[in-house]
Amino acid sequence: MSQPNNPLHGVTLEQIVTALVDHFGWPGLAKQIDINCFKTDPSVKSSLKFLRKTPWARQKVEELYVATKLYQ
């Protein structure tokens, strides 16, 4: 099913986290979204593990990704 108006279509959570880290850095990302996986010994792997089981945090990450238009 095509989703032309969904900026997250075809983008993995790993790509989203990596793009945000590249854009903000871990300290900047932790300021944008105050969750421990971005503040204490951050890594893409640990962040993905947390975000996959925490829907509210994943939603915040996805919203920040769309708001910063890193998908263009």
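Leu13, Glu14, Val17, Thr18 and Trp26 in helix H1 meet Val44, Ser47, Leu48, Leu51 and Arg52 in helix H3, where contact means heavy atoms within 4.5 Å. Six of the residues in this contact of H1 with H3 are nonpolar, two are polar and two are charged; for this count Ala, Val, Leu, Ile, Met, Phe, Trp, Tyr, Cys and Pro are nonpolar, Asp, Glu, Lys and Arg are charged, and the others, Gly among them, are polar. The model is a predicted one, with pLDDT of at least 70 needed for local features and 80 or more for side-chain atom pairs, while totals for chains, interfaces and linings use all residues. Numbering starts from 1 along each chain as its sequence is written, and side-chain values use heavy atoms, with hydrogens and water left out.

H1 spans residues 13-32 and H3 spans residues 44-52, and the two pack at an angle of about 125° with their axes 10 Å apart. That angle makes H1 oblique to H3, given that angles under 35 degrees count as roughly parallel, over 145 as roughly antiparallel, 65 to 115 as roughly perpendicular and the rest as oblique. Axes here are lines fitted to C-alpha atoms, for helices over the stretch in contact, and angles run from 0 to 180 degrees between N-to-C directions. The helices themselves are DSSP runs (H or I, at least four residues), numbered from the N terminus. H1 passes H3 in a right-handed crossing, meaning that the near helix is turned clockwise from the far one by less than a right angle.

On to H4. The axes of H3 and H4 come within 7 Å and cross at roughly 120°, which makes H3 oblique to H4. Phe50, Leu51 and Arg52 of H3 touch down here on Trp56, Ala57, Arg58 and Val61 of H4, and by class this contact has five nonpolar, no polar and two charged residues. H1 and H4, for their part, have axes that come within 10 Å and cross at roughly 90°, so these helices are roughly perpendicular to each other. From H1 the contact takes in Leu13, Ile16, Val17, Ala19, Leu20, Phe24, Leu29 and Gln32, and from H4 Arg58, Val61, Glu62, Leu64 and Tyr65. Its make-up is ten nonpolar, one polar and two charged residues.

The largest nonpolar core has 18 residues, and Val17, Leu20, Leu29, Ile35, Phe38, Leu51 and Val61 have the most contacts inside it. Such a core is a set of buried Ala, Val, Leu, Ile, Met, Phe, Trp, Tyr and Cys residues joined through side-chain atoms within 4.5 Å. Two or more residues come from each of H1, helix H2 (36-39), H3 and helix H4 (55-67), with H1 giving the most, at eight. Leu51 touches Leu13, Val17, Ile35, Phe38, Ala57, Arg58 and Val61, not counting residues up to four places away in sequence.

Ser47, found in H3, is buried, with a relative accessible area of 0% (buried is under 20%, exposed over 50% and partly exposed in between, with a 1.4 Å probe and protein chains only). Leaving aside neighbours within four places in sequence, Ser47 is in contact with Val17, Trp26, Cys37 and Phe38. Thr18 lies in H1 and is partly exposed, at 31% relative accessible area. Asp41, in the loop between H2 and H3, is exposed at 70%, and its phi is near 50°, a positive value in a residue other than glycine.
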